[in-house]
Amino acid sequence: MNRSRDVTALAIFGVFLVAVPFIKSDYLFNAILIPFIAVSLAALGLNILAGYAGQVSLGSAAFMAIGAFSTYDLLLYVPHLPFLVALPGAGLITAVAGLVFGLPGLRLRGFYLAISTLAAQFFVQWVFTTFPWFQGGDTSGVITAPPIFIDGFQVSTPVERYLLALAVAAILTVFAIALVRSRVGQSFLAVRDNELAAKVLGINVLKIKLIACAISGFYIGIAGALWAYLYVRTIEPAGYDLDHSFQILFVIILGGLASIRGAFLGAAFLVVLPLLLSRGGAALLGPNFDSGYVDLAEKIILGALIILFLRLEPQGLSALLARFSLNRKATT
Amino acid sequence: MAAPLLELERLSVVYEPAILAVEDVSFSIWKGEIVALLGANGAGKTSLLRAISNLLRAKRGRLSKGHIIYDGQRVERVPTHRLVETGLVQVLEGRHCFLFLTVEENLLTGALGRRSSRGDAKDDLGRVYEVFPSLKAKAKQPAGLLSGGQQQMLAIGRALMARPNLLLLDEPSMGLAPLLAAEIFETLAKLNRDDGLTILLAEQNAASALHYASRAFVLENGRLASGGPTADLLARDDILSAYLGLVSEKIVETASI
């Protein structure tokens, strides 16, 4: 079972790699594939924390902001630092931030924990807008992301940016799969399902929660850096607001809690939905269906879908897919 | 006689703000014993067991007085997960299985605390299936679909995965049909006999507990009311009437009026 899934994952990665030369449109890379990868990684990070370890968080965007700004500041203030060192460095900084904001989670649960993570959301945005040091003294509020150099080679075209994102995502996904199968991953589930029982089994609940916060922070931080450097190519606190945090949460609810592929399925859905809506809306209703309507329609449809999923399939798209493939196996 | 495996010295447990749940309780358990802790609802059995496993803080309680000595070491301040590593393992009242994980996954979580290798965990899994064959048949089912008795077996099996020296059991017979409860007690007795597992058992079902235990202690309102070898306790009328339901006819008559 696990092995066949590994093969499937590898095959999907292969398709994403091999497809590159056949895709001629920059639009597909810029507007779909790159944000898809960044959102997937952020969702993966949140899923480790919320889906596996059961710690609800509404502050994902704040950690993405920390990842983006840490990358920027590391490159700005540490001379000659290569991007490929700054990126994991930013992940580590975000992991530390995750630990700090994870501390309330040692005492709080459920609803109260969710509220306490809102503090991270607002505090981090405030810090980045208030202190110009983080923006390198720039007071405009929007920084253009500097070009990325890897070993003297500038990553600039959409394909290059896409390949960089894909490589990072592949490494982190492999690690995530290993993590959730490891003893630590099993401990996450135990803590999520029953803290007291986990404790009497000899699991250090506090440590496990902090590990989840740190690893989740690392992933979301890297995702934030990819989002800033490879997708929007600007770094601004306003881009990481509460809406964004909710989006990441919606991705894992729709995709499937406690599922690696759920993060990817949910992200794909969320990235593609507005595009489908604008195309479909334009085809059905003519040119009057502008971006304002798309926004509205997206919110309505997303809201309805989330209610439907929570009610009918709390395990999300991932479970739907599993059932579909099971049915197909049964009929063939 | 060798030093006891577990020694409780004048333990008192309070819950905030000031509920005294256990007061001045002392007793010792030697290796290889089955000791029963008897008492009515609210007598302090669970509090005492939770004090031993250092689980009181989760319920806003604390050890206000006394010492706990396990295997020659003072352990009042040792966190639960360290106690589990040294073989002091508890099966909580109410089973607390992970209902969405399968039986096998539940059992494997029991090996997490001891940090056993996957090979060791697999061996232990085989042993637990030997002890509880009915779990093996349900290995791939979610624990939530098990009956109460099987869940209790699962909870005990999960604790066995941690390779305990001293197993604390909180009301293993709670809510179980008498036959199932007897099966579980038989299994515990067998583990005690064959593997030398030391057991401290809190029970309301005094008849069964006294049948399997070598010694017993009776808690009443948090204090130790009596204790000793089970044979002696079974010979005492007050114990029989209070805990075995063998009420004298006079009391029954008064109650029925």
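UniProt annotations such as the ones used here may be inferred rather than shown by experiment. With that in mind, here's a quick tour of a predicted model. Chain A carries a run of stretches that UniProt lists as "transmembrane region", in an unreviewed entry. Chain B brings an open sheet of 6 strands, and chains A and B touch through 15 residues of chain A and 21 of chain B.

**Chain A and its annotated stretches**

- The UniProt entry, which is unreviewed, puts "transmembrane region" at residues 7-23, 29-49, 56-77, 83-103, 110-128, 162-180, 210-232 and 244-277 of chain A.
- Take residues 110-128 of chain A: the model makes this stretch 100% helix and 0% strand, with 28 Å between the end C-alpha atoms.
- Residues 210-232 of chain A also come out as 100% helix and 0% strand, and here the end C-alpha atoms sit 31 Å apart.

**The nonpolar core**

- The largest nonpolar core counts 169 residues, and A:Ala38, A:Leu41, A:Leu226 and B:Leu201 have the most contacts inside it.
- Helix 9 of chain A (residues 205-232) supplies the largest share of this core, at 18 residues.
- Setting aside neighbours within four places in sequence, A:Ala38 is in contact with A:Ala165, A:Ala223, A:Leu226, A:Trp227, A:Leu230 and A:Tyr231.

**Where chain B meets chain A**

- The contact draws 21 residues from chain B and 15 residues from chain A.
- On the chain B side, the elements giving two or more residues are helix 2 (80-85) and helix 3 (103-109) of chain B.
- Helix 2 of chain B gives the most to that side, with 4 residues.
- By residue type, the chain B side splits into 10 nonpolar, 8 polar and 3 charged.

**The sheet in chain B**

- Reading across the open sheet of chain B, the 6 strands go 6-7-8-3-9-10, and the pairing is mixed.
- Strand 6 (88-91) and strand 10 (223-229) of chain B each have a single partner strand, so one side of each edge strand has no neighbour in the sheet.
- On average, neighbouring strands of this sheet are turned by 15 degrees against each other, ignoring direction.
- Strands 6 and 7 (residues 166-170) of chain B run parallel and are joined by 4 bridges.
- B:Val89 has B:Leu167, in strand 7 of chain B, as its bridge partner.
- Helix 1 (residues 45-52) of chain B packs on the sheet, touching strand 3 (34-38), strand 6, strand 7, strand 8 (198-203) and strand 9 (215-220) of chain B.
- The direction of helix 1 makes about 150 degrees with that of strand 7 of chain B.

Definitions and conventions:
Residues numbered from 1 in each chain as written. Chains lettered and ligands numbered in written order. Predicted model: local features only at pLDDT ≥ 70, side-chain atom pairs only at ≥ 80, totals over all residues. Contact = placed C-beta atoms within 7 Å. Nonpolar A, V, L, I, M, F, W, Y, C, P; charged D, E, K, R; others polar. Core = buried A, V, L, I, M, F, W, Y, C linked by C-beta atoms within 7 Å. Buried ≥ 20, exposed ≤ 12 C-beta atoms within 10 Å, placed from the backbone. Pairing = 2+ DSSP bridges. Axes fitted to C-alpha atoms, helices over the stretch in contact; angles between N-to-C directions.
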